[in-house]
Amino acid sequence: MFFELPDVDTLYAALLARDPVYDGFAFVGVKSTGVFCRLTCPARKPKKENAVFYPTVVEALEAGFRPCKRCQPLSLFGARDKTLGTLLASLENDPEKKWSEDDLTAAGLDPSTVRRAFKRQFGVTFLEMARLRRLGKGVNQLTTGAEVIDAQLEASFESGSGFRAAITRHLGMNPSQARRHRFLKSHWLETPLGSMLAVADHQALHLLEFVDRQALPAELTRLRNLTGSEIIMDRTPVTDRLEKELNDYFAGTSCRFATPLAEHGSVFTRQVWDALRSIPAGQVRSYSAVAAAIDRPSATRAVARANGANQIAILIPCHRVIGADGALTGYGGGLWRKQWLIEHEKRRFSGEEQGRATVTRL
């Protein structure tokens, strides 16, 4: 492995501090309980003599430890709650279905458990997500010039008044106004590092962020204001292309991205983002090195701000920028994700050039 575990003292100190730097790269087996955890697990910490550290979940499992139910170490690598996966697949296969708690109960699921799981993972409940998907299909029909009644049927609303009320409540405008309005389409994408929200139109990707990023609500508000658009739930061909490229990236088969990007930033900010894309996969740069690369050696702090303003994670690889002393610095998606991405690229793509997507300057 590229990533070598540090000594036991360092790991145990990280365990006590719940340090996210090693999340996904080190796991602790607890002899007294027989479980293994992430180092960030909120459970009571074991004594040092009862802690055994492993670099992979496989080694922890092979040693006879079972995964902790509280911190769910397997979820870091895509072994998400099967219920979420099943329901998301059902939503994709039949987006017009009007779901109710009775449907969940009939499927042998506890509605309250499903509600909490979706709220924790996506910020909305499953029933809210299903309703938004149906509403998104109706709005999409309106924006293509369809009659209101056709959009209502596409969204599976039996009542015209109910459809109009839902559109007005969700968008702040009636269906006739919505027909003349511009919309961006949002969709959740699953990755081994957690769910991501992609916002795109039919020409380019506007935003790609992890859904648990604290700044995401503010970023969505800013995007609405910049584009004069509302955001509804739906897919576009850009979303489809992005999903395939992300799957290839996380599978370690390709780090080339050709998804067209819509960049919302000043001339200087876009220069920084261009410099980020020029950093080869598997390598990192300091903020000062990026500043020098754009011939602005005294603009280190401004480079850091532009780096933090990036709203398209991974494709504009702000995770490849570190402190001058080699330490990881702030990353909106979490330092453990930043470490994972850096190590993943070093193992899989070292020396490869990242593909350059078409950029739309806005």
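Across the protein, pLDDT (the predictor's confidence in each residue, from 0 to 100) averages 79, and 77% of the residues score at least 70. The model is a predicted one, in which local features need pLDDT of at least 70 and side-chain atom pairs count only at pLDDT 80 or more, while totals for chains, interfaces and linings use all residues. Residues are numbered from 1 along each chain as its sequence is written, and side-chain values use heavy atoms, with hydrogens and water left out.

Residues 151-159 form one of them, with 24 contacts beyond four places in sequence, a contact being heavy atoms within 4.5 Å. Residues 177-181 form another, and the model gives them 15 such contacts.

The secondary structure comprises 15 helices and 12 strands; these are DSSP runs numbered from the N terminus, helices being H or I with at least four residues and strands E with at least two. Of the 362 residues, 50% count as buried, where buried means under 20% relative accessible area, exposed over 50% and partly exposed in between, with a 1.4 Å probe and protein chains only. Among contacts between residues at least 6 apart in sequence, 63% join residues at least 24 apart.

Helix α11 (residues 237-251) packs against helix α15 (residues 335-348) at an angle of about 75°, with the axes 9 Å apart. The axes are lines fitted to C-alpha atoms over the stretch in contact, and angles run from 0 to 180 degrees between N-to-C directions. The pair is therefore roughly perpendicular, a term for angles of 65 to 115 degrees. On the α11 side the contact involves Y249, F250 and A251, which meet W340, L341, H344, E345 and R348 of α15. By class, this contact has five nonpolar, one polar and two charged residues.

Helix α14 (residues 300-308) has V303, A306 and N307 as its buried residues. These cover an arc of only 100° around the axis, so they lie on the same side of α14; the arc is that of the directions from the helix axis to the C-beta atoms. Their cover includes α12 (267-277), α13 (287-293) and β11 (321-322). R301 and R305 are exposed on the face turned away from the buried side of α14.

How values were computed. Angles under 35 degrees count as roughly parallel, over 145 as roughly antiparallel, 65 to 115 as roughly perpendicular and the rest as oblique. Ala, Val, Leu, Ile, Met, Phe, Trp, Tyr, Cys and Pro count as nonpolar, Asp, Glu, Lys and Arg as charged, and the others, Gly among them, as polar.
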